[in-house]
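This briefing covers the fold of one chain, the contact between two chains, and the confidence of the prediction.

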Amino acid sequence: MRGLLLPVLVLLIWQVVGVLGIVQSDAMSYPSQIALAAAGALSDGSILTATRQTISTALGGMAIGSGIGIALGSWFGISRRAGRLAQTSVEVLRPVPSVALIPLAMLMFGYGYGMSISVVAFACLWPTLIITKSAAQQVPRELLEVSDGLELNWARRLVLIVLPKIVPNLFTAIRLAAGIALIVAVTVEITANPMGLGYALIVAQETLHPDRMFAFLIWIGTLGWLLNAGLLLLQRRLFVRWDGA
Amino acid sequence: MTQLKRVAEVQPVTVSAPSILSIENVYFSVPVANGKLSILEDINLEIRQGEFLSIIGGSGCGKTTLLRLIGGLNIPSSGTITFEGSRIERPSRKRAVVFQDYTKALLPWRTVLGNIELALDTRPSPPDRRTKASMVERLLAQVGLTEAADRFPRQLSGGMQQRLQIARCLAQEPTLLLMDEPFGALDAMTRQTLQDEVAKIAKETGMTVVFITHDIEEAIYLGDRVCAMQSRPGRISAILDIDLERPRDQLLTREDDAFLRYRHELFKFLPRAH
């Protein structure tokens, strides 16, 4: 409970400063106004629509990007030759800032989900690929030799040995990708795509509604926190037996 | 030259059982910075159907490498290894390997049951559910893990984990069981128990066993034959027939005069540790 002391104090001071009009600025708003704006956005349904759009973009992009990342990563990790062949391409493509692909994505898909999802997927692909690859490379030699001794083909080796062994790493990768996905989804909406929470932020800013802007901002932060907390909880629930593995 | 003569001396004149695996003129080397490092040289060895062959040598003598060649996990640089009539080119379900480091060879996310089922489910023609259940039950009983069926490997002692690995290898239904210093990491008491259990399993199944160890007494106690190796490069320095009554006994066998003579004899063929 003591942890709440500071935030509550800050909110109080913020409220007092706002109500007394000590700071004059177009960006200025204060907690009670923000709460009202949030209630307004909630009652007219705009925050829900925007949230649905942003979450769909983030999750869709994350699913596609980390799916490809995990598939390629485990392939490059298991097969030394594939890993070496792909090394250069990965090192060249990976540093490209995902948001730099927005113009290209816009040309390809126009406005809408296709464009945002493709950019989010690109951003999620690399961290999952690299984490998966390095985890797959660290599967103990003995386990791979057990799989050779059982004459498993590559698909069975992947499903029965490698993937279960690296599941905890995959989950960490997905958690990382989830954070990135939300950031990139909002960024694309702010810069290019007229939908979702990012666009709502921009509209609030351009129509000089700092209260509404703050409401959306706080909501986006909360969403990010919820997403991570939810995944952490799931990880703890699901992977008890992997401890010490 | 004298050592080669000794090999000839101790090798039996008559072959008692048909050969299951034969190693001919095998050399194995690995690339290093300045050329090649020779690990094994001039290895010639017949492994007989149903025998328990102990291979003994100091660290770095290439005994594990020899086992890996037999397993098909490595391929000789030259020479051939034939198993049941065909040349070994890759690992096979028929030659199960029990690794020394059981912590790395077991699937930590599967229970004892699950680890054994891995070997059953991946058979070319997997058994149906009821057959599988009875197979698992028999294997668990064979290695004394019936009570621990639902536990995870990390919840087991070292000896139990090694038992589990042995059970999984047996589930492969191999004709040749390859054991790489399987009891090296276990305490002396557990070790003796497991030695007797392995000897019993070998007798029950009629399986051929190749057992790597660096412990002379363990080699003699378990083996029908003991193959001694010398180091750098690894070569076979002697092969000794062990004519001790079975079942063997941890106390009586080890006090037997013949046992002590074998120990004495083998000692000469093993290099001093540095």
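The model is predicted: local features need pLDDT of at least 70 and side-chain atom pairs count only at pLDDT 80 or more, while totals for chains, interfaces and linings use all residues. Residues are numbered from 1 along each chain as its sequence is written, and chains are lettered from A and ligands numbered from 1 in the order in which they are written.

**Fold of chain B**
- Chain B contains ten helices and ten strands (DSSP runs numbered from the N terminus: H or I of at least four residues for helices, E of at least two for strands).
- The radius of gyration of chain B is 19 Å, which agrees with the value near 19 Å for a compact globule of 274 residues (taken over C-alpha atoms; the rule is 2.2 Å times the number of residues to the power 0.38).
- Along the principal axes, the C-alpha atoms of chain B fill a box of roughly 60 × 45 × 35 Å.
- In chain B, 70% of the contacts with a separation of 6 or more join residues 24 or more positions apart (contact: C-beta atoms, placed from the backbone, within 7 Å).

**Contact between the chains**
- Chain B gives 18 residues to the contact and chain A gives 17 residues.
- On the side of chain B that touches chain A, strand 6 (95-98), helix 3 (102-105) and helix 4 (112-121) of chain B each supply at least two residues.

**Confidence in chain A**
- The average pLDDT of chain A is 87, and 98% of the residues score at least 70 (pLDDT is the predictor's confidence in each residue, from 0 to 100).
- Among the elements of chain A, the mean pLDDT is lowest in helix 2 (residues 31-43) of chain A, at 84, and highest in helix 6 (residues 113-137) of chain A, at 93.

Terms used: Two residues are in contact if their C-beta atoms, placed from the backbone, lie within 7 Å.
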